[in-house]
Amino acid sequence: MKRRQFIAHGAAGLLAAAGATAGRAAEIPSPQAVGVITEPARQVPVVDDAEVVVCGGGPAGVTAAIAAARQGAKTVLLEAHGCLGGIWTSGLLSWILDYSNKGSLLKDILEQLAKREGRAFTRQKVATNAFDSETMKIVLEQMCADAGVRAQYHTRVCAARVEEGRRLTHVITESKSGREAVKGKVFIDCTGDGDLGAQAGCRFDFGHPETGRTQPMSMLCLLTGLNPEAVREYYREQDSDGPWAPPKDKLRAEMEKGGHSPSYSKPSLFRVRDGLFILMANHEYGFKGTDAREVTEATRRARRELHQLIDGLRAQGGLWRDLRIVATGEQIGVREGRRLQGLYQVSTDDLREGRRQPDGVCRVTFGIDVHSTNPKKEKGIEAASFRAKPYDIPLRALIARDIEGLMMAGRCISGDFIAHSSYRVTGNAAAMGEAAGVTAALAAKSNRLPREVAWEDIAKILPPIG
């Protein structure tokens, strides 16, 4: 890429992010305090040449990679952490939302979890949304290996090479092996925060269009020492169990008795198996998921709060006397990062009208779910002005508008603030990943761009939505 092109792309990204500073945490120092240095030019080794390169191995990335490899494409998957699954595993979000009507790959994953006794079931042998995150790691690794995916961990995207015609040709990474490049025909950004797209110069939206604020981050943890029957009034196992609010309100009241009111006003327990539970009780407001300093501070604060909450519950004795934290998330859950601009933007009107799309790859049934951006007004879910109807995400929202050869799947697809709060959950991410992987493989193997692949050819492979 020419220097002039690089500066132009970088300026576009900075302008798009400008609105995000409204929610910036005051205690985080500016990263521009001590000046700059100039690095000498250097040669970067190209260590791999793939047909499809997937960046990010979370729910969207792992399904994208498996889907592409199953179509016969030489596929490389790059992941920043030490396992596959992203928020499902390193983030401990062992509860899948909006999954029952999703594609074949997510169904395969759930079946493999059940075979390994890693899927949660009620005492009546009814499957729930929950799973064992450690079992998920091995299931995903085996599925990738069986499909022929070459996965590399502890590897983070740090730059991209875009040649004339806005064509993305290489992703540049940093790892223990140093700075390396991977060449590809088609790339899929599944980083959640749109890191690859931003590095390539793709324009993006960030935060609320008026305030720039993003939804809060949340850290989850695994708990043990609970008798499921004794704490039955504090959690639900299935959507059919009844309303969500009463058990959450009761749990918050118990936490407040222990001396700590949770930053998320609707703390939630989810049972995985026996006495193993997931807890979601934390909100970190005003932090940007694209700033390492802010993510670090949010992580510290979140982990400290979870320990305070559990220590307070345990100090009360009774049914809480043996309560312990088994693990907190290796990564804090970031709900909102960059929303890369695509050939179509999923909009609030799509939700309001329940729009169907001719190239629909995922039917979203989850509602509007904006976690409060302003804790002074609300510490739970912001009230929505209407109830969303089931709607379709079109393939066009997964194809970057500005950069050729780039797709995206998961929460960084093209959509507005309200729509994002609905489609961002992991059942939808997995379905989007599968569609992106199939499309990328068909494009790469025929030397076409994703937007040049006929929808009819893609639809023959993908499962029907609905």
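Reply: Strands here are DSSP runs of E with at least two residues, helices are runs of H or I with at least four, and both are numbered from the N terminus. Mind that this is a predicted model, where local features need pLDDT of at least 70, side-chain atom pairs count only at pLDDT 80 or more, and totals for chains, interfaces and linings use all residues. Residues are numbered from 1 along each chain as its sequence is written, and side-chain values use heavy atoms, with hydrogens and water left out.

Me: Why is Arg339 called buried?

Reply: Buried means under 20% relative accessible area, exposed over 50%, and partly exposed in between (1.4 Å probe, protein chains only). Arg339 has 4%, so it is buried.

Me: What makes Arg339 and Glu336 a polar contact?

Reply: Their side chains are joined at 3.4 Å. The cut-off is a pair of N or O atoms within 3.5 Å; within protein, one must be able to donate a hydrogen and the other to accept it, and residues adjacent in sequence count only if both atoms are side-chain atoms.

Me: Which label does Asp98 get, buried or exposed?

Reply: Buried, because its relative accessibility is 9%. Asp98 lies in the loop between strand 2 (75-78) and helix 3 (104-115), and has a positive phi of about 60° despite not being a glycine.

Me: And what makes Lys125 exposed?

Reply: Lys125 counts as exposed because its relative accessibility is 68%. Its loop runs between strand 3 (119-121) and strand 4 (127-131).
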